[in-house]
Amino acid sequence: MTLDQRTDYIQSLRSGLATVVYPIQYLVNLPREFADWGSDTFSSRRELQEQNQQLRTQNQLLQAQVQKMTFIESENRHLRELLKSSKRSSERVLIGELLSVDLDPFRKQVVINKGSSDEKLYVGQPIVDAYGVMGKLVHVYKYNSTAMLITDPNHALPVQVIRNGLRAIAVGHGSDGLLELPHLPNNADIQVGDLLVTSGLGCVFPVGYPAARVVEVNTNPSLPFARVLAEPIARLDRSREVLLVWPTDESLPDMSRPCDFTAEEIQ
Amino acid sequence: MSLHDHHGGWVIALSFVLALALSIVPLPDNLEFFRPEWVALTLIYWCLALPARVGVGVGWFMGLLLDVSRDALLGQHALALALIAFLTLHLHQRMRVFPIWQQAAGIFVLIALECLITLWVKGLIGESASLWKLFATATTSMLAWPLVFLTLRHARRSYQVN
């Protein structure tokens, strides 16, 4: 039975049981939902006005950026046509919500309230939040699914340094919520503060989502490799809403548009 | 659960549902480490109180549910809980007459055994786990035992579960 887990044979049993367990998870999540609802309902007029003002300013800022984006995008398309390279199309996304449910403390996993009854989700599907890559789905059930975060020790994410295109693999570091970049030589051009984005190699994650920022580079000449640690950009422990992404099958794009998620679904 | 000459199967079911819920209620990271094994405690209580109704089968099934709700490897808690149920059934006549603190000592051993099995399975599949977690869980479970015992005994008596 335990060995069966290595294969997919008992996946149906698993999802059957998951459907039984889902009401319990839902129940556990209720107080949180209730608190959210309460704070929404009972917030004062002044607070709402302030928030409204803030959002309006932010919206204006973002729109100003988008103006430039449309220009850059068309220019990019133009250049790509000139170069006769493949066009990129934007990915389709779906918004899901995290259930506040605890799983095994030694693994970094979360439960999402979207399952195969909502959309055609698949195992390995990337999830991101408003800031960066969060992880990918490992189990898809009927009403919910579980995802492994990029900080899980079993997770590895192909990344590249945005400054110079240096490719690396970011492996989860477990409990301290950091990522480690193993097998980088001591003379690799990487500095503290470098932004790492997904490189799209491995064909699981789409290209260009921000993943992490380097926080520590430790070069010890007596060791064969540098010790590089990075901090995820996604708010892994604070985000409530996540985006499930369907990467496009076309050949790897250069940059995606991480700020393009205002609509619930983008085709 | 058959209801021919038994009463109150729903109390047992409800207690297990509550135990499952308690074992996935979000806790702060450092408290998470000390979460008692609620499902195992509930299972041990019912095995002690009603050995004819709750046994290895129920333990195994609850273990499967626990596996799915914690997204663990399917069968790791099932194996551990089935073994605990077996041991408790084996020892129930002796454990019943113990005073509650002495029972708690037995619980420590049982829960430690459960954690050891899950630890072992995790080790086999290459997941990280720590031995400290075993002692932390066993200790808090031991401390939680009087609470579980008294609550469930009260429930059993007032709803006449047998």
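A: The model is a predicted one. The account begins with chain B, where the crossing of helix 3 and helix 5 is right-handed.

Q: Which residues of helix 3 of chain B and helix 5 of chain B meet?
A: Helix 3 of chain B contributes Val39(B), Ala40(B), Leu43(B), Ile44(B), Cys47(B), Leu48(B) and Ala49(B). They meet Leu81(B), Ile84(B), Ala85(B), Thr88(B), Leu89(B), His92(B), Met95(B) and Arg96(B) in helix 5 of chain B. By class, this contact of helix 3 with helix 5 has 12 nonpolar, 2 polar and 1 charged residues.

Q: Why is helix 3 of chain B called oblique to helix 5 of chain B?
A: Helix 3 of chain B and helix 5 (residues 76–97) of chain B pack at an angle of about 45°, and their axes are 8 Å apart. That angle makes helix 3 of chain B oblique to helix 5 of chain B, because angles under 35 degrees count as roughly parallel and those of 65 to 115 as roughly perpendicular.

Q: What makes helix 3 of chain B oblique to helix 6 of chain B?
A: Helix 3 (residues 38–49) and helix 6 (residues 100–125) of chain B pack at about 125°, with axes 11 Å apart. Helix 3 of chain B is therefore oblique to helix 6 of chain B, because 65 to 115 degrees counts as roughly perpendicular and over 145 as roughly antiparallel. Helix 3 of chain B passes helix 6 of chain B in a right-handed crossing.

Q: Which residues of helix 3 and helix 6 of chain B meet?
A: Ala40(B), Leu41(B), Ile44(B) and Leu48(B) in helix 3 of chain B meet residues of helix 6 of chain B, namely Gln103(B), Ile107(B), Leu110(B), Ile111(B) and Glu114(B).

Q: How many residues of chain A and of chain B are in contact?
A: 28 residues of chain A are in contact with 32 residues of chain B. The area buried between the two chains is about 2,700 Å², and carbon and sulfur atoms give 66% of that area. Leu17(A), Asp102(A) and Phe106(A) supply 25% of the area that chain A buries against chain B, more than any other three residues.

Q: Why are helix 1 of chain A and helix 1 of chain B called oblique to each other?
A: The axes of helix 1 (residues 11–41) of chain A and helix 1 (residues 9–24) of chain B come within 9 Å and cross at roughly 60°. The two helices are therefore oblique to each other, because under 35 degrees counts as roughly parallel and 65 to 115 as roughly perpendicular. Helix 1 of chain A passes helix 1 of chain B in a right-handed crossing.

Q: Which residues of helix 1 of chain A and helix 1 of chain B meet?
A: Ile24(A), Gln25(A) and Val28(A) in helix 1 of chain A meet Val17(B), Leu20(B), Ala21(B) and Ile24(B) in helix 1 of chain B. By class, the contact of these helices has 6 nonpolar, 1 polar and no charged residues.

Q: What makes strand 1 of chain A and strand 2 of chain A a pair?
A: Strand 1 (residues 92–99) and strand 2 (residues 109–112) of chain A are joined in the antiparallel sense over 2 bridges. They count as paired because the criterion is at least two bridges. Leu98(A) has Ile112(A) in strand 2 of chain A as its bridge partner.

Q: In what order do strands 6-7-8-11-10-9 of chain A pair, parallel or antiparallel?
A: These 6 strands of chain A close into a barrel in that order, and the pairing is antiparallel. The twist averages 40° from one strand to the next. Strand 8 of chain A is joined to strand 11 of chain A by 5 bridges, and Pro185(A) stands opposite Phe225(A) in strand 11 of chain A.

Note on methods:
Residues numbered from 1 in each chain as written. Chains lettered and ligands numbered in written order. Predicted model: local features only at pLDDT ≥ 70, side-chain atom pairs only at ≥ 80, totals over all residues. Heavy atoms only, no water. Axes fitted to C-alpha atoms, helices over the stretch in contact; angles between N-to-C directions. Helix = DSSP H or I, 4+ residues; strand = E, 2+ residues; numbered from the N terminus. Left-handed = near helix turned anticlockwise from the far one by under 90°. Contact = heavy atoms within 4.5 Å. Buried area = accessible area lost by both parts, 1.4 Å probe. Nonpolar A, V, L, I, M, F, W, Y, C, P; charged D, E, K, R; others polar.
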